[in-house]
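Subject: Structure handover and findings

Hello,

Please find the structure below. My notes on what was found in it follow.

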Amino acid sequence: MKLTLKIWRQKNANDKGKMVEYKLDHVSEDMSFLEMLDVLNEELLHKGEQPVAFDHDCREGICGMCSLYINGHPHGPLQTTTCQLHMRSFKDGETIYIEPWRAKAFPVVKDLVVNRSAFDRIIQAGGYVSVNTGVTVDANEIPVPRETADLAMDAAQCIGCGACVASCKNASAMLFVSAKVSQLALLPQGKAERKKRVEKMVAKMDEEGFGSCTNTGACEAECPKGISLSNIARMNREYFVAKLSSNNL
Ligand code: FES
């Protein structure tokens, strides 16, 4: 395949940045998108030019690092992570636009790399269980209905890639935060701190500069793990109940 790549290049956080065009021949349709960028970087290094900086780690759809905005979609045309996207999803001769996530809370570090530590700070605000749950007990000692366990596991699939923020016109992080709130609030071990947790995580989300949710549903449509909007409804209920009982409305 022959491709024209238009890639966002930005030297550092203070640089204005611009789209730069590159031509690439001999791209195999069996390459992953990141392998195609590896080939481009080898060519750039060979020519003595700066390689394109982009994030990646597991390359197995697990870590959520490979955050690229491809042809106007987070992670490209398929509902998967960029590392699991293959070049057979593109046509020979196609022009592909590659940009970083665009959100005030995710400042660009270099080229296609953004700083997503705002997500880490939201988790640090309350996305964990801190009560002592004692020694490991037999699973059957804490009966959890199958449907509830499935809902918690579905929410726990969120890999924190930030595609929900990048796809949202308001740069809202509600899908991410609600998945993290849900996975804990649904299970017995997470219930003890559920009120304190949701209040702290929502407050941190607002403080980090993410926008509000206006129910456009773009986040669910673009999420590579199919996290459901129903998690946002659950988080809103959790938040309302927490505020009511803390008389803080
Ligand atoms: S590199 Fe880990 S999910 Fe893509």
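Is His26 buried or exposed? His26 is exposed, because its relative accessible area is 73%, and the cut-off for exposed is over 50%. Before going further, please note that this is a predicted model, and that every value in this message is computed from it.

His26 sits in the loop that connects strand 2 (18-24) and helix 1 (33-46). Its phi is positive, about 55°, although His26 is not a glycine. Most residues other than glycine have a negative phi. His75 is placed in the loop between strand 4 (73-74) and strand 5 (95-99). Is His75 buried or exposed? His75 counts as buried, because its relative accessibility is 0%.

Overall layout

The protein chain has 249 residues, of which 45% count as buried. It holds nine helices and seven strands, and its C-alpha atoms fill a box of roughly 60 × 40 × 35 Å along the principal axes. Of the contacts between residues at least 6 apart in sequence, 68% join residues at least 24 apart.

The chain is divided into domain 1 (3-110) and domain 2 (117-245). Their C-alpha centres lie 29 Å apart. Across the boundary, 17 residues of domain 1 are in contact with 21 residues of domain 2.

Nonpolar cores

The largest nonpolar core has 36 residues. Those with the most contacts inside it are Phe106, Phe119, Ile122, Val165, Val177, Met205 and Phe210. At least two residues of this core come from each of helix 2 (117-126), helix 4 (163-167), helix 5 (174-185), helix 7 (194-207) and helix 9 (230-245). Helix 5 gives the largest share, six residues. Both domains take part in this core, with at least three residues drawn from each of domain 1 (3-110) and domain 2 (117-245).

Apart from this core lies another, of 26 residues, among them Leu24, Met31, Val52 and Ile96.

What does Phe119 touch, not counting residues up to four places away in sequence? The list is Phe106, Gly160, Gly162, Val165, Ala173, Phe176 and Phe210. Of these partners, Phe106, Val165 and Phe210 are also named among the residues with the most contacts inside the largest core.

Leu151

Leu151 is in helix 3 (residues 146-156). It is partly exposed, because its relative accessible area is 38%, and the buried class ends under 20% while the exposed class starts over 50%. Leaving aside neighbours within four places in sequence, Leu151 is in contact with Leu186 and Arg234. The C-alpha atoms of Leu151 and Gln183 are separated by 7.6 Å, and these two residues are 32 apart along the chain.

Largest pocket

About 190 Å³ of space lies in the largest pocket. Which residues line the largest pocket? They are Arg9, Gln10, Lys11, Asp15, Gly17, Lys18, Tyr22, Glu49, Gln50, Lys110 and Asp111. By class, this lining has seven charged residues, three polar and one nonpolar.

Regards

Conventions:
Residues numbered from 1 in each chain as written. Predicted model: local features only at pLDDT ≥ 70, side-chain atom pairs only at ≥ 80, totals over all residues. Heavy atoms only, no water. Core = buried A, V, L, I, M, F, W, Y, C linked by side-chain atoms within 4.5 Å. Buried < 20%, exposed > 50% of the residue type's maximum accessible area, 1.4 Å probe, protein only. Helix = DSSP H or I, 4+ residues; strand = E, 2+ residues; numbered from the N terminus. Domains from an automatic or database assignment. Contact = heavy atoms within 4.5 Å. 1 Å grid on protein atoms, 1.4 Å probe; cavity = no way out; pocket = protein on both sides within 12 Å on 5 of 7 lines; lining within 4 Å. Points joined across faces, edges and corners; volume = space filled by probe spheres on them. Nonpolar A, V, L, I, M, F, W, Y, C, P; charged D, E, K, R; others polar.
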